[in-house]
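My notes follow in the order I looked things up.

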Amino acid sequence: MAARKMTSRQRAARQKRKIILFAVEIIIILIMVAVLYLVMNKTSEGPKVMSLDPANLAIPNEVIEKTEEGGTMHGYMNVALFGLDAETDSQLYKGSRSDSIMIASINLDTGDIKLVSVYRDSYLNIGPYKGQSEYYWKCNTAYATGGAEQAVRMLNMNLDMDIKDFVAVGYKGLSSVIDGLGGIYIDVSSEEVTHLNNYQIGVSEVLKCDYTPVREAGYQLLNGTQATAYCRIRATAGDDFKRTARQRAVLKAIEEQAKKADLATLTKVFNDCIGNIYTSIDSKDVLELLGSISKYSIKEEAGFPTEELRTTANIGAKGSCVIPQDLESNVVWLHQFLFDDQDYTVTDTIRECDRVIESETSSYIK
């Protein structure tokens, strides 16, 4: 179907809102088909790979010690997933905001995967910025300032994590993966239909493609453009909190379709999206996970800060932010959720971050 012509009002709206593409979160697909790339497509350039130096990732010493001593985090691979508003290859490395941030925690013994969205506007310590060694602001600024390394560092020092790997994608990754898999099945509510179609206007402009309106609500097959627009919906009840839930729903739908696909399809999907992937995962990590790939599946998902321990406020010139009320309690909740650690005690770094967040935000909270 030919693309609909935009009205002047729609064009103006498009100019005001820069499309924010959530992470294609292709860690599952990356793992499943990377060996095919290594074996069958050696002439391909492959993914853009960056090795992260653990010494620069602010992993707390207490966390390292507990993990090495067989603590509750032992046996997990924690991966940061970033969806960027990057329109060029260079912006995959730095200069674009990570408007979708997730942690995929993989239990290497059971294959269970838990996903946590870290809300992009969360008021956290983003690290060096504006001449300061530590700066508190919306956490999605960390990637724009220092690329993947600083974004991973931000997650580790604010959440007591030991993340050493990441996957980041720009605009084209999500749409190409979904189209390559033949679409994904999503239950679209009646409230979401109009917004989904409206967001398709901006998505199709960025992807330089036509779009097909969704005609009705219900469980249905969405193509790449439609699913990308679905992830953009922010106008319904729940705002950005609900949007991150949609993003996780799309990721799970991608996983379901990928597991149904044959090897030829997965190989093509990987080759089509490979140029839009920036990652730290090398072939050794992939091969270790591939030993029993069929057992890996997404079991639970949530958002950080958790609903009972967050609020929102306009923090002066820094704008509207999601405030973790009592960061320490939020981090305890996170470790309970990801690692079933019922007795977690936060590090001194978390207590200091908590103190600064309260100091800088309390006067703005009503």
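**Entry 1: Ser297.** I note that the model is a predicted one. Next I checked where Ser297 sits, and found it in strand 11, which covers residues 297-304.

Which residues does Ser297 touch, leaving aside its neighbours within four places in sequence? I listed Gly111, Asp112 and Ile113, then Glu255 and Lys259.

**Entry 2: a helix pair.** I turned to helix 4 (residues 141-159) and helix 12 (residues 348-361). Two packed helices are described by the angle and the distance between their axes. I looked up both values. The axes come within 7 Å and cross at roughly 95°. Angles of 65 to 115 degrees count as roughly perpendicular, and therefore helix 4 and helix 12 are roughly perpendicular to each other.

I then asked which residues make the contact. Helix 4 supplies Met157, Asn158 and Leu159. Helix 12 supplies Thr349, Ile350 and Cys353. I sorted the residues of this contact by type: four are nonpolar, two are polar and none is charged.

**Entry 3: the whole chain.** I stepped back to the chain. I found 12 helices and 13 strands in it. The chain has 366 residues, and 55% of them are buried. I took the contacts with a separation of 6 or more, and 75% of these join residues 24 or more positions apart. Last, I noted an accessible surface of about 15,900 Å² for the chain. Carbon and sulfur atoms account for 47% of that surface.

Definitions and conventions:
Residues numbered from 1 in each chain as written. Predicted model: local features only at pLDDT ≥ 70, side-chain atom pairs only at ≥ 80, totals over all residues. Heavy atoms only, no water. Helix = DSSP H or I, 4+ residues; strand = E, 2+ residues; numbered from the N terminus. Contact = heavy atoms within 4.5 Å. Axes fitted to C-alpha atoms, helices over the stretch in contact; angles between N-to-C directions. Parallel < 35°, antiparallel > 145°, perpendicular 65-115°, else oblique. Nonpolar A, V, L, I, M, F, W, Y, C, P; charged D, E, K, R; others polar. Buried < 20%, exposed > 50% of the residue type's maximum accessible area, 1.4 Å probe, protein only. Areas by Shrake-Rupley, 256 points an atom, 1.4 Å probe, with all protein chains shown as cover.
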